[in-house]
Amino acid sequence: MTATLTPPQRAGGGPDGRRRLVVVGNGMAGARAVEEILARGGAELFSITMFGDEPYGNYNRIMLSHVLSGEESHEDIFLNSLSWYEQNDITLHAGVRINRIDRFAKVVFSDDGQTTPYDQLIIATGSRSFMPPMDGLMGPGGLLPGVFAFRTIDDTRGMIDYATHDEHRQAVVIGGGLLGLEAARGLQSHGIDVTVIHSPKHLMNAQLGPEGGDILKQSMERLGIRIVCGTRTTAIWGPDKVRGVRLKDGTEMPCDLAVLTAGIRPNVEVALTSGFTVERAIVVDDAMRTVDDDDVYAVGECVQHRGEVYGLVAPLWEQAVVLADQITGADPTAAYMGSRTATKLKVAGVEVAAMGVQGPEKDTDEHIVFSEPRRGTFKSIVIRDDKIIGATLLGDSNKVAFLQQAFDRGLPLPEARVELMFDLGGPSAEVGVAELADDAQICNCNGVSKKAICDVVQAGCKTVTGVMDKTRAGKGCGSCKLLVAQVVEFAADGAVEEDPSVHYYVPGIALDKPTLMAAIRDQELRSPSAVFAALAPEGAEDAKSKMGLASLLKMMWGEDYVDEKDARFINDRVHANIQKDGTFSVVPQMRGGVTTPEQLRRIADVADKYEVPMVKLTGGQRIDLLGIRKEDLPGVWGDLGMPSGYAYGKSFRTVKTCVGQEFCRFGTGDSTKLGIELETRMQGMESPAKMKLAVSGCPRNCAESLVKDVGIVAIEGGRWELYIGGAAGAHIRKGDLLTTVDDAETAKLLTGRFLQYYRENAKWLERTYAFVPRVGLDHIKAVVVDDSEGIAERLDAEVQKHADTYVDPWTEGATPVEPGQFRTSLPLEVLPRVPADRATELLGGSW
């Protein structure tokens with residue numbers, strides 16, 4: 001391979017004749033440059049040594065927000081583990097910083113006292129978080145406790161540790177760009193109330209114009225994130241730890257945690273002190289060489305090329321290709337000519353694509369705009385001389401593939417410009433994939449082209465997840481996953497194979513549910529940590545798998561399950577449903593939707609005593625007390641004297657009933673009695689997803705039994721119909737008729753048997769409306785009604801075991817399982833409260 005290369009003719013300084021290549025920086029740009037060098041036969045040309053500030057391999061910084069939110073663990077985001085360096089004969093000094101470069105002696109000096117010689121050098125020092133000037137930012141030894149940058153794995157771990165302390169409930173994010181909004185959403189997932197403060201007048205001002213920024217603000221506020229634009233944070237006050245921030249107008253805002261996401265600055269100190277030309281960043285030429293020394297290259301966010309400094313990933317990849325071509329001699333004519341920046345990403349779950357200019361700059365520019373704030377959708381396209389020079393898409397990126405190609409390549413545009421925004425005869429997504437050029441970039445985050453994906457498919461990998469693993473496409477912000485799947489399908493000519501991981505019960509353990517359950521029983525694994533240690537690859541714990549495992553183990557072992565706090569979501573830890581402001585909702589049990597005057601008096605007394613902001617009737621015939629502070633939960637439960645209604649977990653929830661034959665003149669069966677008996681028997685039953693039931697006393701179906709996980713309907717002759725797999729929420733599905741039985745006892749027995757079969761065989765988070773079609777109604781009938789597998793007796797026994805061992809979780813209010821379980825956490829914003837006289841007015845009468 002090396003015979004085809006034409007590297008600069010100079011003898012190597014290493015003992016084996018290879019040139020000594022030192023890379024200062026082990027981030028995404030530095031590691032990518034080394035990957036490109038190795039791909040061009042660089043292992044035979046160079047003895048490679050890398051230095052990195054952080055004590056790790058190379059990881060994907062774009063995914064830090066996913067780590068913060070809990071969607072990924074920090075182990076999931078590594079691009080190159082430490083073993084990769086060993087396998088490629090790279091000497092890595094992890095956690096070692098270069099202090100000075102002597103380009104005349106050709107050596108670098110590191111902070112561990114070493115001097116390392118080089119023949120050629122790459123500077124890839126990246127960038128750091130910008131620390132805006134404000135009083136009180138620094139404490140002894142660094143940032144004031146509770147103040148975090150958001151740039152590294154250690155920053156992210158620190159935020160997670162701080163956010164999960166029960167007394168930390170309010171956060172301020174300073175900076176409303178991409179990173180700030182991602183940080184806000186990630187912190188919110190920990191039950192923290194978040195305010196974003198952004199000094200420009202609209203969010204993401206680097207990518208969006210004012211109208212798009214305002215619509216994004218509305219979308220963020222709908223998610224429960226408070227946005228304050230057009231003002232600057234001037235101070236952080238403590239003094240021992242962060243307790244609040246002060247704005248330019250004097251407004252003070254209390255908080256327990258502050259995150260700085262006010263931009264980045266290139267790390268140029270080592271280049272500056274070593275005599276390299278530095279303006280905004282290290283100045284390089286089109287070959288990615290520093291202008292001061294032909295043997296020293298630079299790449300990434302620390303680089304200034306033709307006056308531009310890039311903070312996006314795609315330009316870094318383009319720079320790395322040119323650098324590798326030049327330093328190996330693979331293509332001495334390679335030149336970096338700058339990048340046309342286009343961004344496609346998800347910001348806190350909202351799709352955003354931006355390229356070129358934000359709006360018209362000349363009177364002759366065409367400007368096509370579509371705005372639908374209610375849906376969070378905004379589209380803007382700027383055209384000059386029949387070419388797209390800018391586009392912004394917010395909330396709907398279906399047309400972004402074509403628009404990006406038109407922007408990059410100057411493709412002809414349809415005469416009806418509206419076709420650029422909507423599929424009204426313009427290129428559809430499918431047609432667009434076929435028409436994309438081979439070098440069209442599919443994944444901006446990791447610089448993956450259509451050809452790279454097609455090559456992997458043609459080499460034999462025909463699963464979408466397999467292609468993503470091999471190319472890293474879709475492993476950044478995730479917004480390109482659909483397009484990646486379309487390219488894989490195109491390249492495989494429709495013959496896409498199913499990935500085996502779709503059958504894993506939880507992603508961190510490569511077993512389907514039956515095999516996993518068998519292993520758990522055989523090895524008597526009673527806690528999530530024990531399962532990971534025994535069954536996960538190398539015993540590694542996976543954050544995304546913990547909740548599913550905890551639910552499964554609790555279902556399997558019941559009272560013998562070993563509880564672990566970090567395996568449960570906040571709702572399950574405090575037995576209440578967290579709201580967007582950090583308070584909780586409390587729904588006491590009312591079996592079958594039936595209550596008493598005494599219970600209603602107690603609910604009213606509790607609402608008054610604890611100043612409950614809102615009392616609401618639910619669709620499940622229950623009463624919801626909203627806005628309860630966490631520290632008040634035990635007192636509320638004690639004063640109510642009612643069991644938990646389980647309106648917070650993946651478990652059995654409610655049985656909705658009509659009044660049945662006792663009062664209704666149409667009733668043919670005692671639906672209320674059956675509903676109460678079912679709820680008493682199944683209360684608190686753990687499951688892969690929530691289970692909602694209903695019993696109707698006649699075919700008029702007033703309890704909406706046909707759209708429940710299990711619905712029971714009384715018919716003439718004292719008989720009952722059982723329906724399963726119904727839904728009436730985000731998904732709407734009429735339940736399938738499982739069977740018709742002669743009496744209520746049989747209906748109750750088969751309901752429990754079906755739910756137990758569902759519990760044991762459904763995927764994690766798979767509702768019955770998906771489970772029933774997947775498994776098949778005929779098969780479920782055979783197992784549940786006809787006992788075709790001979791397991792009916794065991795299923796019934798498991799249901800009875802649950803009923804016999806059930807303990808109301810609200811008893812933990814009197815004896816918390818750990819000291820901080822109900823520790824104080826105050827909400828930031830005041831919830832709306834409807835005064836009694838106003839409620840009376842709205843209702844048109846007295847209470």
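This is a predicted model: local features need pLDDT of at least 70, side-chain atom pairs count only at pLDDT 80 or more; totals for chains, interfaces and linings use all residues.
Notes on the structure

1. A residue is called buried here when its relative accessible area is under 20%, exposed when it is over 50%, and partly exposed in between, with a 1.4 Å probe and protein chains only. Helices (H or I, at least four residues) and strands (E, at least two) are DSSP runs, numbered from the N terminus.

2. Residues are numbered from 1 along each chain as its sequence is written, and side-chain values use heavy atoms, with hydrogens and water left out.

3. Strand S20 belongs to an open sheet of five strands, in the order S13-S20-S14-S15-S16, with parallel pairing. Strand S13 (147-149) and strand S16 (226-229) are the edge strands, and each has a single partner strand, so one side of each lacks a neighbour in the sheet. Neighbouring strands of this sheet are turned against each other by 20 degrees on average, direction ignored, where angles run from 0 to 180 degrees between N-to-C directions and axes are lines fitted to C-alpha atoms, for helices over the stretch in contact. Helix H5 (residues 153-163) packs on the sheet and touches S13 and strand S20 (257-260), and its direction makes about 150 degrees with that of S13; contact here means heavy atoms within 4.5 Å.

4. The pairings can be followed strand by strand, with two strands taken to pair if DSSP finds at least two bridges between them. S13 and S20 pair in the parallel sense over three bridges, and Phe148 stands opposite Val259 in S20. S14 and S20 also run parallel, joined by four bridges, and here Ile174 lies opposite Leu260 in S20. On to S15, strand S14 (residues 170-174) makes five bridges in the parallel sense; Val172 has Thr195 in S15 as its bridge partner, while Ala171 stands opposite Val194 in S15.

5. How many residues of strand S15 (residues 193-198) are buried? Six of the six are, so the strand is largely enclosed by the rest of the structure. Both of its faces are covered, with Asp193, Thr195 and Ile197 buried on one side and Val194, Val196 and His198 buried on the other.

6. A separate description applies to an open sheet of three strands in the order S17-S18-S19, whose pairing is antiparallel. Its edge strands are strand S17 (233-237) and strand S19 (252-254), each of which pairs on one side only. The twist from one strand to the next averages 20 degrees. Strand S18 (residues 244-247) is joined to S19 by three bridges and the two run antiparallel, with Val245 opposite Met253 in S19.

7. Turning to helix packing, the axes of helix H19 (residues 597-609) and helix H20 (residues 633-640) come within 9 Å and cross at roughly 150 degrees. H19 and H20 are therefore roughly antiparallel to each other, given that angles under 35 degrees count as roughly parallel, over 145 as roughly antiparallel, 65 to 115 as roughly perpendicular and the rest as oblique. The residues that meet are Arg602, Ile603, Val606 and Lys609 in H19 and Val636, Asp639 and Leu640 in H20. By class, this contact has four nonpolar, no polar and three charged residues, where Ala, Val, Leu, Ile, Met, Phe, Trp, Tyr, Cys and Pro count as nonpolar, Asp, Glu, Lys and Arg as charged, and the others, Gly among them, as polar.

8. In helix H13 (residues 464-471) the buried residues are Gly466, Val467, Met468 and Thr471. These buried residues pack against strand S32 (448-449), helix H12 (450-458) and helix H14 (481-491). Just after H13, Arg472 takes a positive phi of about 75 degrees.

9. Leu738 lies in strand S43 (residues 736-741) and is buried, with a relative accessible area of 3%. Leaving aside neighbours within four places in sequence, Leu738 is in contact with Leu722, Tyr723, Ile724, Leu777, Ile780, Lys781, Val784 and Val785. The C-alpha atoms of Leu738 and Asp154 are separated by 53 Å, and the two residues are 584 residues apart along the chain.
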